[in-house]
Amino acid sequence: MGPVRRFDLFSFLLVLGLVLNSFVLFCNGGQTSSFVRKVEKTVDMPLDSDVFRVPPGYNAPQQVHITQGDVEGKAVIVSWVTQEALGSNTVIYWKENSSKKYKAQGKSNTYKYYNYTSGYIHHCPIRNLEYDTKYYYMVGVGQTERKFWFFTPPEVGPDVPYTFGLIGDLGQTFDSNITLTHYENNPTKGQAVMFVGDLSYADQYPNHDNNRWDSWGRFVERSTAYQPWIWTVGNHELDFAPEIKETRPFKPFKHRYRTPYRSSGSTEPFWYSIKRGPAYIIVLASYSAYGKYTPQYTWLEEEFPKVNRTETPWLIVLMHSPWYNSYDYHYMEGETMRVMYEPWFVKNKVDVVFAGHVHAYERSERISNIAYNIVNGICAPVKDQSAPVYITIGDGGNLEGLATKMTEPQPEYSAFREASFGHAIFSIKNRTHAYYGWHRNQDGYAVKGDTMWFHNRFWHPIDESPSFDS
Ligand SMILES: *[C@@H]1O[C@H](CO)[C@@H](O)[C@H](O)[C@H]1NC(C)=O
Ligand SMILES: *[C@@H]1O[C@H](CO)[C@@H](O)[C@H](O)[C@H]1NC(C)=O
Ligand SMILES: *[C@@H]1O[C@H](CO)[C@@H](O)[C@H](O)[C@H]1NC(C)=O
Ligand SMILES: *[C@@H]1O[C@H](CO)[C@@H](O)[C@H](O)[C@H]1NC(C)=O
Ligand SMILES: *[C@@H]1O[C@H](CO)[C@@H](O)[C@H](O)[C@H]1NC(C)=O
Ligand SMILES: [Fe+2]
């Protein structure tokens with residue numbers, strides 16, 4: 001009996017060894033995380049939740065948010081809503097420890113959507129700020145005054161470290177609140193958020209109940225009032241609803257959120273570019289025309305030659321719909337834009353592309369797929385060290401829940417994928433190195449679920465394939 005058993009064990013180990021070995025041989029496509037999370041319904045926080053509380057006081061400014069207001073980072077656009085009355089359009093601001101106060105004058109608007117009427121939405125650009133400086137600012141002047149602060153970025157230049165947060169598809173569920181809390185409590189502090197689209201998900205309510213745009217604005221104020229969020233538009237910003245005669249796409253987004261698009265020569269708020277410290281950030285619009293001769297195409301074609309890697313070594317692109325996505329959900333939706341623009345991305349050595357849309361997390365290898373020409377049949381992604389890394393970070397936690405179904409087997413170009421909610425941090429150290437980490441909501445604030453050292457494609461384009469990892 002003994003010898004027989006031992007033989008069985010031996011052959012079992014042998015087979016196991018062969019199986020594991022074959023994984024090593026054939027699964028070089030990457031890793032599908034085995035992390036098991038609690039499966040539970042993702043629901044919006046009720047309107048009487050603490051995060052949606054209206055600030056006290058008559059006509060108190062609410063939904064305060066800031067974004068970069070020019071190309072270089074010396075301007076900020078301050079936005080807020082007053083509900084009871086128009087109130088003041090003025091922002092008073094001053095440098096930390098300085099008694100000299102400045103005033104800027106903004107504008108306000110309201111809009112109607114089906115049977116909803118918005119409060120007074122104020123936008124006020126403040127310009128000629130000093131770099132790398134803490135400013136305080138006050139809104140609600142003469143009524144209920146509220147005070148906030150922000151830091152301006154360092155002067156645009158190649159070796160100024162800067163840390164970006166990444167959040168996408170946030171929504172306003174209990175999970176959204178956990179994502180934002182994890183971002184805030186991450187020991188590596190983000191200085192600005194690159195937001196990859198899909199903000200409030202108000203369009204999931206009957207008649208796109210725009211009160212959920214207001215509640216979202218109050219929810220995120222605890223971050224958006226203190227650091228700029230760089231906005232990308234997603235499909236949930238379209239609010240295109242012919243059934244209730246709402247046929248102007250992006251109406252609520254356009255009234256509530258500003259982008260500095262004119263500064264970069266863009267003609268619509270949905271695509272634009274900014275420089276921030278060592279980074280050149282190009283924001284693209286997945287839901288505006290992008291074919292040849294369209295305004296976005298013409299703009300982007302003229303945009304790439306403007307990027308000077310000696311000034312801004314890091315070239316980052318934000319968009320909503322990912323080009324490389326190995327989940328079943330939204331599979332190939334980014335394909336037409338990829339076909340149009342990918343050759344430019346490779347030629348210009350974009351370092352990284354961040355997208356949302358798919359409610360999960362994925363990171364690609366450096367790959368491109370630009371050889372195809374209708375007749376040659378060359379249509380599979382290949383490893384390409386001039387190509388960007390593609391990261392899908394649509395895992396903010398909105399009410400639609402997680403995208404869990406993946407295409408199998410995992411494609412070779414996909415380096416890591418996991419269906420969990422979370423956020424990421426892209427921390428630029430200098431012109432050659434940036435450290436990237438993705439954080440899932442189930443872990444402690446400091447824990448990283450996926451990491452990568454980025455080596456700048458212009459200054460230090462060393463091979464980043466797994467076998468050459470350094
Ligand atoms: C402002 O004053 C505080 C307290 O005196 C000090 O810690 C801080 O460094 C000062 N900041 C600047 C920018 O001077
Ligand atoms: C808007 O219409 C919906 C249903 O059609 C109704 O429930 C809601 O109370 C209306 N809101 C306003 C502000 O009239
Ligand atoms: C949201 O998160 C904040 C910070 O962790 C917490 O104080 C608050 O109670 C949470 N609210 C809800 C509705 O989960
Ligand atoms: C690129 O930027 C550097 C550093 O600011 C500057 O010296 C150089 O003239 C710029 N090159 C071009 C072509 O503008
Ligand atoms: C750039 O940053 C990396 C990572 O922190 C470091 O190893 C490298 O020495 C730095 N390069 C320079 C020139 O300082
Ligand atoms: Fe989306």
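Which residues are around ligand 4? Select Asn308, Thr310 and Glu311: these are the residues around ligand 4. Keep in mind that this is a predicted model.

**Stop 1: ligand 4**

Zoom in on Asn308. One of its polar side-chain atoms lies 2.3 Å from an oxygen atom of ligand 4. Now show the surface of the ligand. On its own, ligand 4 has 360 Å² of accessible area, and the protein covers 26% of that.

**Stop 2: the largest pocket**

Rolling a probe the size of a water molecule over the atoms shows where empty space is left. The next stops are such spaces.

Start with the largest pocket, which holds about 560 Å³ of space. Its lining has 22 residues. Select Ile77, Arg258, Thr259, Tyr261 and Arg262, the ones closest to the pocket centre.

Next, colour three elements: strand E6 (107-109), strand E9 (120-126) and helix H4 (251-256). Each supplies at least two residues of this pocket's lining. Which element gives the most to the lining? Strand E6 does, with three residues.

Now colour the pocket lining by class.

**Stop 3: the largest cavity**

How many cavities of 30 Å³ or more are there? The count comes to two. The largest cavity has a volume of about 40 Å³.

Select its lining: Ile66, Gln68, Gly73, Ala75, Val76, Phe150, Phe151, Pro153, Pro228 and Arg276. Then highlight strand E2 (62-68) and strand E11 (146-151). Each of these strands supplies at least two of the lining residues. By class, the lining of the largest cavity has seven nonpolar residues, two polar and one charged.

**Stop 4: the second largest cavity**

Move on to the second largest cavity, with a volume of about 30 Å³. Which residues line the second largest cavity? Select Pro322, Trp323, Tyr324, Val353, Ala355, Tyr390, Ile391 and Thr392. Two strands give two or more residues to this lining: E18 (352-355) and E21 (389-393). Strand E21 gives the most, with three residues.

Colour by class one last time. The lining of the second largest cavity has seven nonpolar residues and one polar residue, with no charged residues.

Definitions and conventions. Residues are numbered from 1 along each chain as its sequence is written. Chains are lettered from A and ligands numbered from 1 in the order in which they are written. This is a predicted model: local features need pLDDT of at least 70, side-chain atom pairs count only at pLDDT 80 or more; totals for chains, interfaces and linings use all residues. Side-chain values use heavy atoms; hydrogens and water are left out. On a 1 Å grid over the protein atoms alone, a cavity is a set of points where a 1.4 Å probe fits but cannot get out, and a pocket is an open set with protein on both sides within 12 Å along at least five of seven lines; lining residues have an atom within 4 Å of a point. Grid points are joined across faces, edges and corners, and a volume is the space filled by probe spheres set on the points. Helices (H or I, at least four residues) and strands (E, at least two) are DSSP runs, numbered from the N terminus. Ala, Val, Leu, Ile, Met, Phe, Trp, Tyr, Cys and Pro count as nonpolar, Asp, Glu, Lys and Arg as charged, and the others, Gly among them, as polar. A residue is near a molecule or strand if one of its heavy atoms lies within 4 Å of it. A polar contact is a pair of N or O atoms within 3.5 Å; within protein, one must be able to donate a hydrogen and the other to accept it, and residues adjacent in sequence count only if both atoms are side-chain atoms. Accessible areas come from the Shrake-Rupley method with a 1.4 Å probe; for residues, only the protein chains shown count as cover.
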